[in-house]
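Student: I would like to learn how to read this structure feature by feature. Where do we begin?

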Amino acid sequence: MVKNRVRAAIMALSLVLTAPLVVGAGTAAASPGTGCAAGAAGAKTAAAAIKVWLAGDSTMADPKSACPVGWGSRFDRLFTDDVTVVNNAVAGRSVQTWLYESNVTGAKDAAGECVVSPKAYAQRWLNMLDPVKGMHAGDYLVIQFGINDGDPNCPRHVGRARYQSLLTAMAQAARDRGAHPVLLTPVAAITCSGSTAVGNRGFLTETAAAGSATGAPVIDLHKLSYTLYNTLKLCPNNGDYTRGAVGAFFCNDHTHFEAAGADKIAEVVAKAVRAQRIPLASYLR
């Protein structure tokens, strides 16, 4: 009897002593699991981060003065923190001078196109094509040219077929890297026909054709912008771009934007991204 009581006491004491160890072991086992879950969440956030690369002209470019302000400089604020906008738009460029910069000469060939020699890309495009620092799978490339391209003189001049070819090549280069190209028709200047703002840009069908050739969505910013001007009743005006509603929207010309105008155009582009169900819309605020 005594031995049985001793044995029972020892067993009870053993359970008391080992119980905390079992709980401790359970806690220790749960801890790595929690850490893995946190790590997976962090990895998911990192994987979700993308870049939106912009290529275009002064109406898109970052400002170097109070005016003009390109709408691309106001685009980043419309997205969540998972998106970084990289604005490589440059004032005064056609699609060809943006791609080839100083290699576009002042001479035209038999087809009426500016001669490019040598056919070496500008560093800005090489940087975007770089496999380490450039466009990656899941990124977006937003392209808007067609304003300076209509210049009859080299180096900015680009013919319609050439324009379509270069736009197609840029969109395809993005696709080849797993990035998503989005093509924009050129933003409209303010031209009034009586009390109505009307279109004034070219290369519209060529932009649409480049989109069809590559499967890239096309945002008709040209139409959306002059529609906005009508909504804001910017016509008629007396051509004075220093005051009134038109002065608050445009610099002292009919083409470039004040900060407020750039904000409006950026919002129009973002709204179109959402309306056309471009997957980039999931990152909009």
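Tutor: With a definition: contact means heavy atoms within 4.5 Å. Keep in mind that this is a predicted model. Now apply the cut-off to helix α4. What covers the buried residues of α4 includes β1, α2 (95-100), α3 (123-129), β5, β6 (180-184) and α5 (204-214).

Student: Which residues of α4 are buried?

Tutor: The cut-off for buried is under 20% relative accessible area. In α4, Tyr163, Leu166, Leu167, Met170, Ala171, Ala173 and Ala174 are buried. They cover an arc of only 155° around the axis, so they sit on the same side of α4.

Student: What is the general idea behind such a pattern?

Tutor: An α-helix has 3.6 residues a turn, so residues three or four places apart point the same way.

Student: Which exposed residues does the face of α4 turned away from its buried side carry?

Tutor: That face carries Ala161 and Asp176.

Student: How far does α4 reach from its first C-alpha to its last?

Tutor: The reach is 24 Å for 17 residues. That is close to the 24 Å expected at 1.5 Å a residue.

Student: What follows α4?

Tutor: Gly178 does. The phi of Gly178 is positive, near 80°.

Student: Let us turn to disulfides. What is the general idea?

Tutor: A disulfide is a covalent bond between the sulfur atoms of two cysteines. In this model, a search of the whole structure finds three.

Student: What is the pairing of the bonded cysteines, numbered in sequence order?

Tutor: The pairing is 1-6, 2-3, 4-5.

Student: Take Cys67 and Cys251. How far apart are their sulfur atoms?

Tutor: They are 1.8 Å apart, and the two cysteines form a disulfide. Cys67 lies in the loop between β1 (50-56) and β2 (83-87), and Cys251 in the loop between α7 (244-249) and α8 (259-275), so the pair ties together parts that are 184 residues apart in sequence.

Student: Is this disulfide of Cys67 and Cys251 left-handed or right-handed?

Tutor: Read the torsion about the S-S bond. For Cys67 and Cys251 it is about -95°, so the disulfide is left-handed.

Student: And Cys251, buried or exposed?

Tutor: Cys251 is buried, with a relative accessible area of 7%.

Student: Which residue does a disulfide join to Cys114?

Tutor: Cys154, with an S to S distance of 2.1 Å. The pair links distant parts of the chain, 40 residues apart. Cys114 is in strand β4 (residues 114-116), while Cys154 is in the loop between β5 (140-144) and α4 (160-176). The torsion about the S-S bond of Cys114 and Cys154 is about -100°, so this disulfide is left-handed. Cys114 is buried, at 4% relative accessibility. Cys154 is buried, with a relative accessible area of 17%.

Student: That leaves Cys192 and Cys235. Where do they lie?

Tutor: Their sulfur atoms are 1.9 Å apart, and they form a disulfide. Cys192 is in strand β7 (residues 192-193), and Cys235 is in the loop between α6 (221-231) and α7. These distant parts of the chain are 43 residues apart. The link of Cys192 and Cys235 is left-handed, with -80° about the S-S bond. Cys192 is partly exposed, at 30% relative accessibility, whereas Cys235 is buried at 7%.

Student: Now a polar residue, Ser225. Buried or exposed?

Tutor: Ser225 is buried, with a relative accessible area of 0%. Ser225 is found in helix α6.

Student: Which backbone nitrogen does the side chain of Ser225 reach?

Tutor: That of Ala188, at 2.9 Å. Leaving out residues up to four places away in sequence, Ser225 touches Val187, Ala188 and Ile265.

Student: What does Gly72 touch?

Tutor: Leu54, Met60, Val85 and Asn87, again not counting residues up to four places away in sequence. Gly72 is in the loop between β1 and β2. At 3% relative accessibility, Gly72 is buried. The C-alpha atoms of Gly72 and Ala55 are separated by 9.2 Å, and these residues are 17 apart along the chain.

Student: Last point, confidence. What is the mean pLDDT of the protein?

Tutor: The mean is 88, and 83% of the residues reach 70 or more.

Student: Where does pLDDT stay under 50?

Tutor: Over residues 1-47. For that stretch the model has one contact beyond four places in sequence.

Key:
Residues are numbered from 1 along each chain as its sequence is written. Side-chain values use heavy atoms; hydrogens and water are left out. A disulfide is a pair of cysteine sulfur atoms within 2.5 Å. Helices (H or I, at least four residues) and strands (E, at least two) are DSSP runs, numbered from the N terminus. Buried means under 20% relative accessible area, exposed over 50%, partly exposed in between (1.4 Å probe, protein chains only). The expected span of a helix is 1.5 Å times one less than its number of residues. The arc is that of the directions from the helix axis to the C-beta atoms. A polar contact is a pair of N or O atoms within 3.5 Å; within protein, one must be able to donate a hydrogen and the other to accept it, and residues adjacent in sequence count only if both atoms are side-chain atoms. pLDDT is the predictor's confidence in each residue, from 0 to 100.
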